[in-house]
2 protein chains.
Amino acid sequence: MIEGRVRLSDVARIAGVSAATVSRVLHRPDMVSADVCERVNKIVEELGYIANPAAQALASARTNVIGILVPSLTNNVFADVLRGIYTIAQDSPYDVQFGNTRYSNLEEENLLRIFLNQKPAGLIIAGTDQSAASRAMLAQATCPIVQIMEIGEDPIDMMVGFSHVDGAYVATAHLVERGYRRIAFLGARMDPRTQRRLQGYTAALERAGVFDERLIVTTPRASTVTLGCELLCLLLEKDLAADAVFCNNDDLALGVLFECQRRRIPVPSRMGICGFNDLEMMAVANPSVTSVKTFRLEMGEEAIRILIDKIEGRPVPEGPIDLGFKLVARQSTQGLAR
Amino acid sequence: MIEGRVRLSDVARIAGVSAATVSRVLHRPDMVSADVCERVNKIVEELGYIANPAAQALASARTNVIGILVPSLTNNVFADVLRGIYTIAQDSPYDVQFGNTRYSNLEEENLLRIFLNQKPAGLIIAGTDQSAASRAMLAQATCPIVQIMEIGEDPIDMMVGFSHVDGAYVATAHLVERGYRRIAFLGARMDPRTQRRLQGYTAALERAGVFDERLIVTTPRASTVTLGCELLCLLLEKDLAADAVFCNNDDLALGVLFECQRRRIPVPSRMGICGFNDLEMMAVANPSVTSVKTFRLEMGEEAIRILIDKIEGRPVPEGPIDLGFKLVARQSTQGLAR
DNA sequence: TTGTAAGCGTTATCAG
DNA sequence: CTGATAACGCTTACAA
């Protein structure tokens, strides 16, 4: 038994070869004769040798770390994206390391500095609204980078997402098409993606000639179901004869549904409700709630897939990858009572 | 301007001191004269020097990484715990690194091997049901370890959690006390903590003399709101005159509520519903849903707090830390119609 | 209080 | 195809 950790040199000594050879067996087996390869592998196995990542990183000036920068780790939406990333990363030689920017450009810069300092193999970063400082750091980075969640102007490198403006536009147009006219917007957090949804909402209503700015109710607070209840209360207090709400996300929509039930406001005959993201529960709520399905899992999977492809020198699709969205019309927007 | 990354030696050269001194300024400022200290710090600042973590780890044979091993990163419950951990870790010199064991002992072993190989500063691991192999590895580890989520027998090192058996017992006893008699158990995933909740449920009903094994409906699938609907359907199909359900968690409970609404089964007058964890939305559902509040954020915070205390040699509480739980009775268990 | 110098465990260059 | 040997950037006795 070897005292302490098993090192490369231990494997080498026991296999009767040099450390360099063991290293080659592990990284470039094609450069080593088959029998040496096999013998070394057996000993690696027997000894349970695991490379010291610090030494590897130091010697090779690179790591197998893929850094992920998102504004929240726990929010349903990002949780799904992370799950997608994780799924693919599991079967790859890369370790993912998550950083939580907490919706702050400053925190993003700090994390970026730390991550980049580790010479990561690649980087995934949420959104397209990085600060100038972050942009500068990213521009200097030598590793591939994928921006996720949105599709936008001048990608830093690669990009996979969808148009929040269009998603909101389609949802709002659907409400108009179902006969709703006094359509409110309920928004929480008001991060860049929420702002874009507000844009889409506005565009759709202006096009239909029924836009009324007073129907927009927002808050910087993080969205929760409870907050959905509260925002609906705020809206109703304004007494603007709202007959539908487009919610920035499904948590709010569910809260609106609960609050309507509590106030005996019939959904959808007196109040239409549309959410965003299409969380699993929207389909089974009662009434079921219309939402805009987004492909969060797929976004994570695709992002890390093309990132790894690029890291390993394989060809990747040209230009931003638009995963789109899908309006899922359900009971909650079936139209007003006639 | 220095080409490439700024190294310790660059700082040393410009400050006119040795590399060792710079290292001391950064780690043991008390060993260095005040003015040298100040001068070095200024240059570190100016140059934007950030230590190469790989070199640090290699030279010092330790890291500032705290490893976190949980069965899921996205499940609401763990998401909250992780958030608590993150909050505290942010203001510490430690980096947290998450590992997802996906409810598998085997994956846990593999991750443990990888983590331990990095000589982490500390480890947080969910649950008390580690495999023999994992236990052995943990026993050999030289860093402090905190087991979270549960309180149980022979802690490996430190422990912070609560009793799932007791939580379920109290919830079930509450249903009995409110007059329900045909109380079903709906459980998903059936991980160790769910099993213990089932134990508590069973104990409470046996004590009340109303235990009926046929009322237990479980599935290995992961819990979702949709699954709550499905499990209730399964239960009702059995035609056992169930008059209440204790759900393994709040997702299921919400699904049960929706399904009851759909089937026009009045809650709570014909069907009582109790969840577990007390997610934010339970309070605003309609009717509001009774649940067992658990202190997930606090669990994460406390776990990493005592871990860091121990790492840094400060005294830590003796024995497991029981954070308890709290039954929150709401409309959904107000009793049967008389 | 400060500097010198020897590693830490790999990888990579260059011969052979 | 394989083996020496010199980095990689930092920490830490040990000396001064």
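How do the residues of the surface near DNA strand C divide into nonpolar, polar and charged? Keep that question in mind while you select DNA strand C. This is a predicted model.

**Stop 1: the DNA surface**

Select the protein residues around DNA strand C. There are 26 of them. The closest are Leu8(A), Ser23(A) and His27(A), together with Thr21(B) and Arg24(B). Of the atoms of DNA strand C that come within 4 Å of the protein, 70% belong to sugar and phosphate. Now the answer: the surface near DNA strand C holds 13 nonpolar residues, eight polar ones and five charged ones.

Next, look at the bases. Show the side chain of Arg24(B). One of its polar atoms sits 2.2 Å from a base oxygen of DNA strand C. Move to Ala59(B). Here a backbone N or O atom is 3.3 Å from a base oxygen of DNA strand C. Which elements give two or more residues to the surface near DNA strand C? In chain A they are helix H2 (19-27) and helix H4 (53-60). In chain B they are likewise helix H2 (19-27) and helix H4 (53-60).

**Stop 2: residues 6-60 of chain A**

Select residues 6-60 of chain A. An unreviewed UniProt entry annotates them as "domain: HTH lacI-type". The span is 71% helix and 0% strand. Its end C-alpha atoms are 20 Å apart.

Stay in this span and pick helix H1, residues 8-15 of chain A. Its buried residues are Asp10(A), Val11(A), Ala12(A) and Ala15(A). What do they pack against? Their partners are H2 and helix H3 (34-47) of chain A. Just after H1(A), select Gly16(A), which has a positive phi of about 70°.

**Stop 3: the whole of chain A**

Zoom out and colour chain A by secondary structure. You will find 12 helices and 12 strands. Chain A is more spread out than a compact globule, because its radius of gyration is 26 Å, well over the 20 Å that the globule rule gives for 338 residues. Along the principal axes, the C-alpha atoms fill a box of roughly 85 × 40 × 30 Å.

Now colour by burial. Of the 338 residues in chain A, 54% are buried. Take the contacts in chain A between residues at least 6 apart in sequence: 68% of them join residues at least 24 apart.

**Stop 4**

Select Glu280(A). You will find it in the loop between S9 and strand S10 (291-294) of chain A. Is Glu280(A) buried, partly exposed or exposed? Its relative accessibility is 33%, so it counts as partly exposed.

Show its neighbours. Leaving out residues up to four places away in sequence, Glu280(A) touches Thr224(B), Val225(B) and Thr226(B). A polar side-chain atom of Glu280(A) lies 2.5 Å from the backbone nitrogen of Thr226(B). Now pick Asp250(A), 30 residues away along the chain. The C-alpha atoms of Asp250(A) and Glu280(A) are 9.7 Å apart.

**Stop 5**

Why stop here? Most residues other than glycine have a negative phi, and most peptide bonds are trans.

- Pro268(A) is in the loop between helix H11 (250-262) and strand S9 (272-274) of chain A.
- Pro287(B) is in the loop between strand S9 (272-274) and strand S10 (291-294) of chain B.
- Look for it in the loop between strand S2 (95-100) and helix H6 (105-117) of chain B. With 39% relative accessibility, Arg102(B) counts as partly exposed.
- At 69% relative accessibility, Arg264(B) counts as exposed.

Definitions and conventions:
Residues numbered from 1 in each chain as written. Chains lettered and ligands numbered in written order. Predicted model: local features only at pLDDT ≥ 70, side-chain atom pairs only at ≥ 80, totals over all residues. Heavy atoms only, no water. Helix = DSSP H or I, 4+ residues; strand = E, 2+ residues; numbered from the N terminus. Buried < 20%, exposed > 50% of the residue type's maximum accessible area, 1.4 Å probe, protein only. UniProt positions renumbered as here; feature names shortened; annotations may be inferred. Near = heavy atom within 4 Å. Polar contact = N/O pair within 3.5 Å; in protein donor to acceptor, adjacent residues only side chain to side chain. Nonpolar A, V, L, I, M, F, W, Y, C, P; charged D, E, K, R; others polar. Rg over C-alpha atoms; globule rule 2.2 N^0.38 Å. Contact = heavy atoms within 4.5 Å.
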